[in-house]
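Student: I have a model open and want to learn to read its features. Where do I start?

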Amino acid sequence: MSTQATGVRTISTPDQAQTLARELQDAHRDRPVAVVTIASGHHDPFIDVAELADNLLGVVDVAVMPTGAASWAFSDAMPPGTQVYGGAGRVYPAHLDWVNDLRASPLRFAYSAPAQKTTSTLISDALWMAAESGLLKRQAPTTIEATGTIEGFPTASRALVRLDSGGMATIRQELTSRHVDLEHTFRIGQPVRGHLEQRFLDVRGMLVEPDLSRWREGDVVLARVIELEHGQMRLALVPGTDVIVTRDHVTSNDLDELTELFTVGETVRARLLAPPPNPRLTLTDIDDDEDPLPAPALTPGGPPWLDIPVDEPLTAAAPSEPHHLEQPLPAPNPEMPAQAPAPLDAPVAPHISPTPTARPTPRVLDRRRKNGPAPHPAPMQAPAAVRDLSLSLDAARAESATHAKQAQAAVAQAEATQHELDDLRRQLEEVEAKLRATEDAHATLKTRYRKAQAQAKKVSPAERTVVEPAPTGPVFADPTEQLRHEVYLEWANRIPATEKRRTDLEFRIGCGFIESIEQAGADRGKVVSVMVEVLTGLAEKLDSRELHQLRSSGAGDSPTLTRADGATCWRVALQRKSPGARRMHFWRRGQAIEFSRVVLHDDFTP
């Protein structure tokens, strides 16, 4: 693609979609591309394409594609997991790291219009990618020097500036530092200066390189977790100065995995083993009462870019809600036009075809509009004309009453639909709030674990007491979450640590699956074990599982069972060579698994 930005590009045919896919995978492409899709059954995208194009400062191309034949051809031509359709949007950076690392091109969902939050997120994604490619620096727009004062922070990525010349302007985080919120770059009331382009103030000239020359070996400093792996982590002392810290400088327990102890974005205390310019860090042997050096500021007069982490009490309650990972985008089904993709466990909103509000339009009035005024009847014809007019009037009144009833029914249906949508939105907000709370609690638990581990080192062997094992029994009141918990424990205990990263534990529990375990008299532990074998692919390698597609009967030539969404039903053995040997049925569509029923040997109901 050319270096000059184009307007919004419409992708409406399979050929155009395949051309776009080839361009995206071209190693010589030098600008990001935002692809916005239109949900099936809609004419316009939920994402605000006009706002998207208006805010991308002429450095990112925008393409719009409907869900259907074009998106199907696009999906076929793209690497696995990188597709976009159903109303969602995605920005593809200029480099090709996104082909193998989906985090480089995050998928952004939109379920209804106006999808303002999704639009803003895509704008942020696109500008970050443009900044990382150096495109923002290459721009030379007509700007003026301006000064002002920080007025406030409407979001973590935006700051409002009251200009000294009058009026307001906005500072974008995309033009400062990706890993630092603007509240940790500027203070309210802080004077700022920069280049004003339209309503945006470019303050990159204010950013300073922090002076770390006064830091000495042994100092305790603050750092932010930038990247996590099982055996090492990347910490940022300041933006652009990263240090790799291995597991032996974090914990003395070789079984600890750093991904279970820390969270990306978390602020931690670290001790300098070697000062800058070639710093080395350790997180061990840091006392709770040791105050770290203040983090440096990124702008003159600005706040420290990191806050001192607040220690959580060891007695804090554990989270009660499970943590669900975001589902990958499934492949589109051309036979079933889908709306925006949703997690497998999320409730599916019913498709409602709105009925247009009816208008009473009597046929007699239609005839008058078409034929013009009726001629005056002769005096001898007056009684017949009056009778005809009366009949026409009665028919018009009856038709009007029918239309009025249809209109009332349409209004009632619209109100019911609106109530249902409001309920679904409230449910979605509650789920999102629980997810945020769970993530916060998860991060808190990691901190408490590290503190407990540090305290345990200080306790002598004589002071240690034997801890009684926790009582057995369900740990979740909800049967579905209890079963998910049991599957996770079986997976954690059975699958080696080196294999866990290649395992996807995302699955769906079908309606009636849990009840069927008891109805079939199956051993629950065996069911959980075989579920893990199905999810990890072990069932395909074990002859004892007799894994095969389910047919409509025991006859070998009977057809296999397939759902309308393209999922196929599979059958796996829980027992062999025993009376009434149990079997488990599950649906598979791509990588998505839905467990359906546990049945006896001769039961072929999916």
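Student: In which elements is confidence lowest and highest in the protein chain?

Tutor: Read pLDDT, the predictor's confidence in each residue, from 0 to 100. Confidence is lowest in helix α7 (residues 363–371), with a mean of 40, and highest in strand β16 (residues 508–509), at 94. Helices (H or I, at least four residues) and strands (E, at least two) are DSSP runs, numbered from the N terminus. The chain mean is 78, and 79% of residues reach 70 or more. Residues 312–382 stay under 50, yet the model has 109 contacts (heavy atoms within 4.5 Å) for them beyond four places in sequence.

Tutor: This is a predicted model: local features need pLDDT of at least 70, side-chain atom pairs count only at pLDDT 80 or more, and totals for chains, interfaces and linings use all residues. Residues are numbered from 1 along each chain as its sequence is written, and side-chain values use heavy atoms, leaving out hydrogens and water.

Student: Which peptide bond is cis?

Tutor: Most residues other than glycine have a negative phi, and most peptide bonds are trans. The bond from P276 to P277 is cis, with omega near 15 degrees. P277 sits in the loop between β14 (267–274) and β15 (280–282).

Student: What is the phi of E546?

Tutor: Near 50 degrees, a positive value in a residue other than glycine. E546 lies in the loop between α12 (524–536) and β17 (548–549).

Student: What does R216 contact beyond its neighbours within four places in sequence?

Tutor: L272 and P275. The C-alpha atoms of R216 and L272 are 7.2 Å apart, across 56 residues of chain.
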